[in-house]
Amino acid sequence: MSVLLGGTLVAFVLLTVLLMIRQFFSTGRLKSVKNRHIVVTGGSSGIGKCVAIIAARHGANVTIIARDVDKLEAAKNEILHACKNKDTQRVEYLSLDVGASYENVEKALADLEGTMGPVYMLVNCAGTAICGKIEDTTIDNLHYMMRINFYGTYYCIKAVTQRMKASREGVIVLTASQAGLLGVFGYSAYSSTKFALRGLAESVAMELQPYNISVTLCLPPDTDTPGFAIEEQSKPLETKLISQTAALVMPEEVAEQLFKDALTGKFFSTVGVAGFIQSTLCSGMSPITSFSELVLQMLLMGLLRLVSAFYLISFQRIVLNCMKMRDKNKKSE
């Protein structure tokens with residue numbers, strides 16, 4: 001056991017060093033968003049609001065989209081205070097259920113572009129998570145997550161791409177999750193909706209690359225947002241214990257990385273060692289946006305598969321121990 005732990009520690013240190021090297025070589029020139037129009041769905045809280053604030057600091061005109069008008073108004077005031085040039089920058093909000101109807105989304109975004117200008121950058125952050133084993137997940141909850149997480153993203157991208165292609169420029173961000181690359185106990189429905197976003201991101205990236213439109217897939221870990229607090233309420237014990245093997249990340253950190261990666265044209269956007277491991281292991285046939293990243297993926301896939309085995313074994317032990325504990329409690333009743 002000590003040898004196993006020692007080997008894992010060495011691998012962790014090595015990966016940390018490699019991650020630092022990767023960050024150094026992959027730092028590219030950020031595209032300017034000054035006076036550009038950036039639209040952020042899920043922009044009234046969490047990662048979305050943090051992205052909107054960062055965009056305002058960089059001189060962009062910002063529109064945030066969510067459903068709750070009170071939260072939107074409060075977020076708008078925060079974003080206005082962050083503006084680089086308060087005299088010229090514009091910040092607006094739109095109350096819209098992005099997953100309810102494509103026709104509504106299409107009309108709303110077309111009207112928005114008429115008043116705020118063409119959408120240069122679309123950041124899809126609207127999403128929700130309801131946890132539970134597959135037999136405990138209601139069909140209504142499955143449809144609800146698919147509607148917000150997948151349809152809401154698909155509809156918004158579909159609504160803006162034609163005009164982006166006409167202008168031959170743009171940036172599109174899809175916010176998935178680390179659970180979009182790894183199935184986890186209690187996430188059978190949620191992971192399915194996030195896995196779907198990867199397929200969407202890769203397909204759209206190939207479609208839009210000739211038009212100078214970049215696509216970024218953000219894969220945040222557990223992040224300290226209002227949505228995460230709600231998610232915690234439905235998590236089975238196994239899911240909570242697995243989640244606790246990694247630290248909770250602040251939304252500002254995720255948003256900063258997302259913003260930088262999107263404006264340097266990277267496909268995957270991750271934070272931390274775990275995110276680096278997953279995106280490297282799962283890179284497969286994903287778009288190649290950096291030669292240095294391609295080399296690292298080629299060199300590390302074998303080693304990272306071994307590291308991932310340690311993670312998976314520890315997760316399986318958690319699940320087995322919880323099952324044994326429940327069986328023991330039943331017998332003692």
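This is a predicted model: local features need pLDDT of at least 70, side-chain atom pairs count only at pLDDT 80 or more; totals for chains, interfaces and linings use all residues.
Q: Hi! Let's start with cysteines. How many disulfides does the structure hold?
A: The structure holds 0 disulfides. Take C50: its nearest cysteine sulfur belongs to C125 and is 9.3 Å away.

Q: Is C50 buried or exposed?
A: C50 is buried, as its relative accessible area is 10%.

Q: And what about C322, which cysteine sulfur is closest to its own?
A: That would be the one in C131, but the two sulfurs are 14 Å apart, so they are too far from each other for a bond. A disulfide calls for sulfur atoms within 2.5 Å.

Q: Got it. Is C322 buried or exposed?
A: C322 counts as buried, with 4% relative accessibility.

Q: Changing topic: where is T41 found?
A: T41 is in strand β1, which covers residues 37–41. T41 counts as buried because its relative accessibility is 2%.

Q: Which residues is T41 in contact with, leaving aside its neighbours within four places in sequence?
A: They are I65, V98, V123, N124, C125, A126 and C156. With A126 there is a polar pairing too: a polar atom of the T41 side chain lies 3.2 Å from the backbone nitrogen of A126.

Q: Nice. What about E231, buried or exposed?
A: Buried, with a relative accessible area of 7%. E231 sits in helix α7, residues 226–232.

Q: Which residues does E231 touch, not counting those up to four places away in sequence?
A: E231 touches A129, C131, Y187 and D222.

Q: On to helices. Why is α10 largely enclosed by the rest of the structure?
A: Because 7 of its 10 residues are buried; the helix spans residues 272–281.

Q: Which ones are the buried residues of α10?
A: V273, G275, F276, I277, Q278, S279 and T280.

Q: Last thing, the surface. Which residues make the nonpolar patch?
A: L237, L241 and M325 make a nonpolar surface patch of about 220 Å².

Q: Where is M325 found?
A: M325 belongs to helix α11, residues 291–332. M325 is partly exposed, its relative accessible area being 40%.

Q: Why does 40% make M325 partly exposed rather than exposed?
A: Because exposed means over 50% relative accessible area and buried means under 20%, M325 at 40% is partly exposed.

Methods: Residues are numbered from 1 along each chain as its sequence is written. Side-chain values use heavy atoms; hydrogens and water are left out. Buried means under 20% relative accessible area, exposed over 50%, partly exposed in between (1.4 Å probe, protein chains only). Helices (H or I, at least four residues) and strands (E, at least two) are DSSP runs, numbered from the N terminus. Patches are made of residues with over 30% relative accessible area and no salt bridge: like charges are joined within 9 Å, nonpolar side chains (Val, Leu, Ile, Met, Phe, Trp, Tyr) within 5 Å. Accessible areas come from the Shrake-Rupley method with a 1.4 Å probe; for residues, only the protein chains shown count as cover. A salt bridge is a side-chain nitrogen of Lys or Arg within 4 Å of a carboxyl oxygen of Asp or Glu. A polar contact is a pair of N or O atoms within 3.5 Å; within protein, one must be able to donate a hydrogen and the other to accept it, and residues adjacent in sequence count only if both atoms are side-chain atoms. Contact means heavy atoms within 4.5 Å.
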